[in-house]
Amino acid sequence: SKGSYGHALAIDETGGIWSWGDGDYGKLGHGNTNPTNKPKLIETMRRNVAFVSCGFKHSACITTDGELYTWGMGDYGRLGHGDSNDSHNAPKLVERFA
């Protein structure tokens, strides 16, 4: 599991990601900016996640297949998607590493 400013991520035994805490910028990955005070499964990442990381305003994970997904605040290109969108509220594959 990993924690950062206001939110945390954990991986369960099947490789699913659970997130909780402050939902600002979509960094929890549930498709919205709502906070949650208990772990909630990120429905689009139900299995095969090997690593997670929490940034100040964003989150990331790497799957067992080596795919990198990022979500949260995307200003300055910090998510690696080649855009400067304000945010991505759900995990999105970083195409450069696909």
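1. Buried means under 20% relative accessible area, exposed means over 50%, and partly exposed lies in between, with a 1.4 Å probe and protein chains only. Asn89 is partly exposed, because its relative accessible area is 25%.

2. This is a predicted model, in which local features need pLDDT of at least 70 and side-chain atom pairs count only at pLDDT 80 or more, while totals for chains, interfaces and linings use all residues. Residues are numbered from 1 along each chain as its sequence is written, and side-chain values use heavy atoms, with hydrogens and water left out.

3. The protein has eight strands and zero helices (DSSP runs numbered from the N terminus: E of at least two residues for strands, H or I of at least four for helices). The radius of gyration, taken over C-alpha atoms, is 12 Å, close to the 13 Å that the globule rule gives for 98 residues, so the protein is as compact as a globular protein of that length. The rule is 2.2 Å times the number of residues to the power 0.38. The C-alpha trace spans about 30 × 30 × 20 Å along its principal axes.

4. Of the 98 residues, 41% count as buried. The accessible surface comes to about 5,500 Å², and carbon and sulfur atoms hold 48% of it (Shrake-Rupley method, 1.4 Å probe).

5. An open sheet of four strands runs in the order S5-S6-S7-S8 with antiparallel pairing (two strands pair if DSSP finds at least two bridges between them). S5 and S8 are the edge strands, each with a single partner, so one side of each has no neighbour in the sheet. Strand S6 (residues 58–63) pairs with S7 over five bridges in the antiparallel sense. Ser59 stands opposite Trp71 in S7.

6. The largest nonpolar core has 11 residues, among them Leu9, Ile42, Val49, Cys61, Trp71 and Leu93. Such a core is a set of buried Ala, Val, Leu, Ile, Met, Phe, Trp, Tyr and Cys residues joined through side-chain atoms within 4.5 Å. Strands S5 (49–54) and S7 (68–73) each supply at least two of its residues, and S5 gives the largest share, three residues. In soluble globular proteins, nonpolar side chains tend to be buried together.

7. Asn89 lies in strand S8 (residues 87–93). Leaving aside residues up to four places away in sequence, Asn89 touches Tyr25, Gly26, Gly29, His30, Gly31, Asn32 and Thr33 (contact means heavy atoms within 4.5 Å). Asn89 and Gly23 are 66 residues apart in sequence but 9.1 Å apart in space, C-alpha to C-alpha.
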